Amino acid sequence: MSAATTRSRTPDRLCAEAVDLARAAAEEAAAPGVVGEHAGHASEGDRVVTHFFECKELGYRGWRWAVTVARASRAKVVTLDEVVLLPGPDALLAPEWVPWSERLRPGDMGPGDLLPTDAEDLRLEPGYSGEDEPSPASPVSEEMAELVEAEDAEVTAGAPANLPVVPTRGSIASVAEELGMRRARVLSRYGLHVAADRWEESYGSKTPMAQAAPASCVSCGFLQPIGGSLGQAFGVCANEFSPADGRVVSLAYGCGGHSEAAIMPKPPQPAPPVIDETKVDPFPLRPAADSGSVSAIPDEESAELGHS
């Protein structure tokens with residue numbers, strides 16, 4: 001170990017004895033009566049010592065006032081370096097900061113709140129735009145058929161490509177499925193209207209949440225369509241952070257958790273003010289006599305014109 005290293009770890013005698021100077025600096029920087037007893041000192045380097053004082057201010061339990069003093073080489077006068085308030089070993093600190101996306105819980109969203117979704121959100125995927133072809137995840141799709149043939153497995157009674165597809169909309173099979181065949185009774189027109197009015201009142205376009213939403217549910221990726229005639233106006237919300245999660249919502253409803261709220265326009269930022277500190281603008285306390293729209297007239301001339 002070198003002599004310089006040993007000397008830096010040993011507190012300078014004059015700096016270590018400058019307790020009064022350090023206390024005066026701490027009391028000047030802090031509020032009156034919040035600087036407590038001297039809590040020791042520590043060497044920061046050659047002729048640099050930091051003195052610690054207890055902090056009696058409410059809300060800062062375990063914190064200490066740290067006053068650093070220094071002395072120049074071959075000088076006998078100790079000077080002040082800096083005064084800061086630092087947490088001690090047992091200080092009461094704020095909890096570790098957690099991003100808002102991790103703090104958010106279902107039910108925290110209110111009217112006007114926005115929940116931008118991440119571009120890589122695992123709950124969303126690109127929408128399927130095919131017209132007459134089945135979904136890629138469907139057991140009758142070509143992708144699924146190739147996967148089954150590659151794994152040499154049979155998950156159905158026949159080849160997936162030979163399975164019957166979902167009834168085309170407008171066909172007799174789809175109409176029969178929509179009418180609810182094999183059930184003793186189905187909803188009447190009155191029952192449909194009553195249910196639609198009830199859902200519209202709870203999660204419709206006139207609710208405060210929908211009025212403050214950036215977009216409606218009809219364009220949201222978390223909307224799960226429903227079948228039947230009510231599917232033309234309603235769907236099921238599948239966003240766990242939405243206040244309507246698992247509820248039947250109107251297509252005109254909306255909330256801040258819209259799936260396409262990932263890219264929001266940034267609010268305009270005003271330009272920073274430019275202050276010229278090298279020039280002084282004089283501002284007279286009283287206006288000049290010739291600063292008005294009417295020039296000043298002496299009393300003699302005003303008397304000749306008959307003015308009072």
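Residues are numbered from 1 along each chain as its sequence is written. Because the model is predicted, local features need pLDDT of at least 70 and side-chain atom pairs count only at pLDDT 80 or more, while totals for chains, interfaces and linings use all residues; side-chain values use heavy atoms, without hydrogens and water.

Helices (H or I, at least four residues) and strands (E, at least two) are DSSP runs numbered from the N terminus. Two strands are taken as paired if DSSP finds at least two bridges between them. Strand S1 (residues 35-45) pairs with S2 in the antiparallel sense over 6 bridges, and Ser43 stands opposite Val49 in S2. The hairpin of S1 and S2 has 2 residues between the strands, and Arg47 there takes a positive phi near 60°. Strand S2 (residues 48-55) is in turn joined to S3 by 7 bridges, again in an antiparallel arrangement. Within this pairing, Glu54 has Arg64 of S3 as its bridge partner.

S3 also pairs with strand S4 (residues 78-87), antiparallel and over 9 bridges. Trp65 stands opposite Leu85 in S4. S3 and S4 form a hairpin with 6 residues between them, and Arg74 in the turn has a positive phi of about 65°. Strand S3 (residues 63-71) is mostly covered, with 8 of its 9 residues buried; buried means under 20% relative accessible area, exposed over 50% and partly exposed in between, with a 1.4 Å probe and protein chains only. Thr68 lies in this strand, S3. Thr68 counts as buried because its relative accessibility is 8%. Contact is defined as heavy atoms within 4.5 Å. Leaving out residues up to four places away in sequence, Thr68 touches Val48, Val49, Thr50, Leu80, Asp81 and Glu82.

Helix H3 (residues 19-29) has Ala22, Ala25 and Ala26 as its buried residues. These cover an arc of only 100° around the axis, which puts them on the same side of H3; the arc is that of the directions from the helix axis to the C-beta atoms. On the other side of H3, Asp20 and Glu28 are exposed. The cover over the buried residues of H3 includes S1, S2, S3 and S4. Ala25, which is found in H3, has 9% relative accessibility and therefore counts as buried. Ala25 touches Val67, Leu80 and Val83, not counting residues up to four places away in sequence. Ala25 and Val67 are 42 residues apart in sequence, but 7.4 Å apart in space from C-alpha to C-alpha.

An open sheet of 3 strands has the order S5-S6-S7, and its pairing is antiparallel. Strand S5 (223-225) and strand S7 (248-250) stand at the edges with a single partner strand each, so one side of each has no neighbour in the sheet. From one strand to the next, the twist averages 50°; axes are lines fitted to C-alpha atoms, for helices over the stretch in contact, and angles run from 0 to 180 degrees between N-to-C directions. S5 and strand S6 (residues 234-237) are paired over 3 bridges in the antiparallel sense. Val236 in S6 is the bridge partner of Gln224.

A nonpolar core is a set of buried Ala, Val, Leu, Ile, Met, Phe, Trp, Tyr and Cys residues joined through side-chain atoms within 4.5 Å. The largest such core has 15 residues, of which Leu115, Tyr203, Cys217, Leu223, Ala244, Val249 and Tyr253 touch the most other members. Leu223 touches Cys217, Val218, Gly235, Val236, Val249 and Leu251, residues up to four places away in sequence not being counted.

The structure holds 0 disulfides, a disulfide being a pair of cysteine sulfur atoms within 2.5 Å. The cysteine sulfur closest to that of Cys217 is in Cys220, at 6.1 Å, which is too far for a bond. Cys217 counts as buried because its relative accessibility is 9%. Cys220 also counts as buried, at 15% relative accessibility.
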